[in-house]
Amino acid sequence: MKLQGEEAKIDLNQAVEGSLKILDNNGVKNVITKSEQFITPNAAEGLKVYGTGEFPVPLSEKYEKGNYVILAFTSENILQQIMLIWKEDDVYANEIMERVVNSVELKKAE
């Protein structure tokens with residue numbers, strides 16, 4: 001039972017499941033998922049879900065292996081998510097994505 005004035009807490013695992021369902025609805029196959037706690041450089045805590053899958057190539061019947069990362073954060077009743085997807089065999093993309101993930105920071109509410 002929810003008390004008056006008490007806000008619903010957002011479940012990060014459930015939120016990420018919704019994002020994974022979006023991948024599935026867009027034809028991504030053989031999705032492998034791992035998850036762990038994620039802490040930004042400015043100490044915001046969240047959830048990191050990452051893995052691999054076979055992503056459909058637009059306007060063809062082909063699939064390409066790729067990687068994905070979903071970062072999810074919540075505070076009070078606000079959900080923030082970042083989803084990154086890139087080709088598995090692209091060395092430059094791997095380096096770029098690592099830099100992007102390591103640079104994510106959340107601003108504190110003023």
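Modeller: Happy to! Strand β1 (residues 29-39) and strand β2 (residues 45-56) pair in the antiparallel sense, over nine bridges. Two strands pair if DSSP finds at least two bridges between them, and the elements themselves are DSSP runs numbered from the N terminus: helices are H or I with at least four residues, strands E with at least two.

A word on the numbers before we go on. This is a predicted model, in which local features need pLDDT of at least 70 and side-chain atom pairs count only at pLDDT 80 or more, while totals for chains, interfaces and linings use all residues. Residues are numbered from 1 along each chain as its sequence is written, and side-chain values use heavy atoms, with hydrogens and water left out.

Now for the setting. The chain has two helices and four strands, following the pattern α-β-β-β-β-α along the sequence. Its C-alpha trace spans about 55 × 30 × 20 Å along the principal axes. Of the 110 residues, 28% are buried; buried means under 20% relative accessible area, exposed over 50%, and partly exposed in between, with a 1.4 Å probe and protein chains only.

Back to the strands. β2 also pairs with β3, again in the antiparallel sense, over ten bridges. K29 gives another example, its charged end sitting over the ring of Y63 at 4.0 Å from the centre.

A43 counts as exposed because its relative accessibility is 52%. In the hairpin of β2 and β3, which has six residues between the strands, L59 takes a positive phi near 60°. A positive phi also turns up inside a strand: N30, which is not a glycine, has about 50°, and the place of N30 is in β1. At 53% relative accessibility, N30 is exposed.

What links β1 to β3 through side chains? F38 in β1 and F73 in strand β3 (residues 63-75) are 35 residues apart, and the search for aromatic pairs comes to one. F38 and F73 form an edge-to-face pair, 6.1 Å centre to centre with 65° between the planes. The rule takes the rings of Phe, Tyr and Trp (its six-membered ring) with centres within 6.5 Å; planes under 30 degrees apart are stacked, over 60 edge-to-face, and the rest tilted. F38 is buried, at 9% relative accessible area, and F73 is buried too, at 3%.

β3 has a charged contact as well. The whole structure has one salt bridge, in which the side chains of K87 and E64 meet at 3.7 Å, N to O. K87 is in strand β4 (residues 78-87) and E64 in β3, 23 residues apart. The term asks for a side-chain nitrogen of Lys or Arg within 4 Å of a carboxyl oxygen of Asp or Glu. Both partners are partly exposed, K87 with a relative accessible area of 43% and E64 at 35%.

Y92 is found in helix α2 (residues 91-103), and Y92 counts as exposed because its relative accessibility is 63%.

Note on methods
A charge sits over a ring if NZ of Lys or CZ of Arg is within 6 Å of the ring centre and within 35 degrees of the ring normal.
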